[in-house]
Amino acid sequence: MITTLHTEWTVGDVCKGFIFDKNEGKGLFGLDGQLIIQPEYQRNYIYGDGKRDVAVVESLLKKYPLGLIYFVKNKDGMYEVLDGQQRITSFARYVNQSWQFAVEIDGKPRYFDSLDKDLQDRITNAPLTIYVCEGEPSEIQAWFETINIAGVPLVKQELRNASYHGSFVTKAREVFSNTGNANMNRWQTYVKGDPKRQYILEAALDWVSNHNIDEYMALHRYDSSITELKNHFDTVIDWIDSVFDYTGSEMCGLDWGDLYRRFHNNAYSKENVSERVATLLEDTQVTDKKGIFEYILGGEENPILLNIRVFDQKTKKAVYLKQTKVAQEKGESNCPLCALGHDANAKRIYKEAEMDADHVTAWSKGGATDIKNCQMLCRTHNHAKGNR
Ligand SMILES: [Zn+2]
């Protein structure tokens with residue numbers, strides 16, 4: 001890879017011909033048509049928050065350097081922004097007043113055209129430090145993966161989009177990274193994270209590939225259709241809707257791809273499921289509410305998923321002392337299950353540290369986590385009893 005340093009381009013040069021496309025959520029073109037600001041493998045523009053975009057312009061007004069910018073020079077002579085897209089889009093929006101915003105100067109909001117001439121010049125004449133890289137796509141991609149963009153590190157899926165850029169990623173992003181998509185709200189009920197940072201796309205890929213995203217993207221890189229990806233994602237979302245009435249935040253971010261794979265062939269009564277969800281959400285002993293959905297889908301066989309509240313130290317100590325006193329009077333083991341046996345442990349008095357608290361009536365059968373339902377068992381018997 002060859003890298004050439006350019007210091008002759010100014011902010012004004014780069015802004016030439018810039019427009020911000022609000023539909024696509026990205027800035028397009030600069031350097032009088034020679035620069036592609038958001039190549040397809042780049043992340044969406046995320047500085048449009050009235051803070052980071054403003055900060056870029058304020059830095060220019062204070063004559064602070066904007067930091068290094070990297071362009072790639074393509075075989076056709078066009079440049080693409082490799083690193084610096086967020087900063088360029090921010091100052092170009094301001095200067096060209098395309099999706100314009102104001103910065104505060106002496107307590108007043110100022111748009112570019114309302115700035116004094118000297119301040120306008122200060123911005124447009126600001127020099128930029130730009131490295132232009134030329135090389136094989138693989139070299140550039142490898143390098144791209146190692147850099148951070150303006151202090152916002154790329155997340156995994158953004159890196160994958162860069163590595164596997166091509167027709168498939170382009171199509172997939174149009175659907176799954178597009179906040180204007182009418183389905184986005186519904187999807188975000190179940191999938192966590194900002195669509196612009198590729199979290200919805202990542203979930204869709206994770207689900208369809210059974211956790212082999214890279215392999216899947218490599219295999220489909222040059223596909224012109226994303227039908228399988230889209231259909232699988234829709235199928236999973238529809239399935240969730242068909243099983244659960246509930247749409248609360250506890251459902252967001254679960255591994256629905258995995259749950260679908262394991263449970264979609266089972267029949268569920270939507271009415272029963274609703275009732276069980278409501279009951280378990282209200283149960284104060286259930287401390288992991290996110291586990292409720294898998295627990296119900298799995299036929300309520302694995303209470304570990306719910307992280308049931310455990311007995312506190314005070315309760316355990318009180319029960320231990322009482323149980324041990326009674327056992328010593330009777331001359332039998334303080335583990336009630338050992339006491340039933342006929343081996344050497346039938347008379348053994350365990351230390352408190354050698355015993356665990358157990359629900360006499362299992363939680364799953366309605367037993368509460370309170371002192372009346374607590375017994376101390378030796379480790380062996382407690383493990384043998386398990387979570388039943
Ligand atoms: Zn025992």
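1. Strands here are DSSP runs of E with at least two residues, and helices are runs of H or I with at least four, both numbered from the N terminus. C374, M376 and C378 point one way from the strand, while Q375 and L377 point the other way, and all are buried. In a regular strand the side chains alternate between the two faces of the sheet.

2. On the basis of the coordinates, this is a predicted model, in which local features need pLDDT of at least 70 and side-chain atom pairs count only at pLDDT 80 or more, whereas totals for chains, interfaces and linings use all residues. Residues are numbered from 1 along each chain as its sequence is written, and side-chain values use heavy atoms, with hydrogens and water left out.

3. On the pairing of strand 11: five bridges join strand 10 (residues 355-359) to strand 11, and the two run antiparallel; strands count as paired if DSSP finds at least two bridges between them. Within this pairing, D358 has Q375 in strand 11 as its bridge partner.

4. The zinc ion has as protein donors C335 (SG), C338 (SG), C378 (SG) and H381 (ND1), which lie 2.0 to 2.3 Å from it. Donors are N, O and S atoms within 2.8 Å of the metal (3.2 Å for Na, K and Ca), and sites may look incomplete because water is not among the atoms. The arrangement is tetrahedral because the four donor atoms subtend angles of 101 to 114 degrees around the ion, the criterion for four donors being that all angles lie between 85 and 135 degrees.

5. In sequence, the donor residues of the zinc ion follow the spacing C-x2-C-x39-C-x2-H.

6. A search of the whole structure finds 19 salt bridges, a salt bridge being a side-chain nitrogen of Lys or Arg within 4 Å of a carboxyl oxygen of Asp or Glu. One of them joins D214 and R160 at 3.1 Å, N to O, and this pair links distant parts of the chain, since D214 lies in helix 10 (residues 213-220) and R160 in helix 6 (residues 156-163), 54 residues apart. D214 is partly exposed, with a relative accessible area of 35%, whereas R160 counts as buried at 12%.

7. The side chains of K270 and D245 also meet in a salt bridge, at 3.5 Å from N to O. K270 lies in helix 13 (residues 270-282) and D245 in the loop between helix 11 (227-243) and helix 12 (256-263), so the pair ties together parts that are 25 residues apart in sequence. Salt bridges that share partners join R160, E202 and D214 into one network.

8. V95, in helix 3 (residues 85-96), counts as buried at 11% relative accessibility. Leaving aside neighbours within four places in sequence, V95 is in contact (heavy atoms within 4.5 Å) with V11, C15, F112, I123 and T124.

Notes:
Buried means under 20% relative accessible area, exposed over 50%, partly exposed in between (1.4 Å probe, protein chains only). Four donors count as tetrahedral if all angles lie between 85 and 135 degrees; four count as square planar and six as octahedral if opposite donors are over 155 degrees apart and all others between 65 and 115; anything else is irregular.
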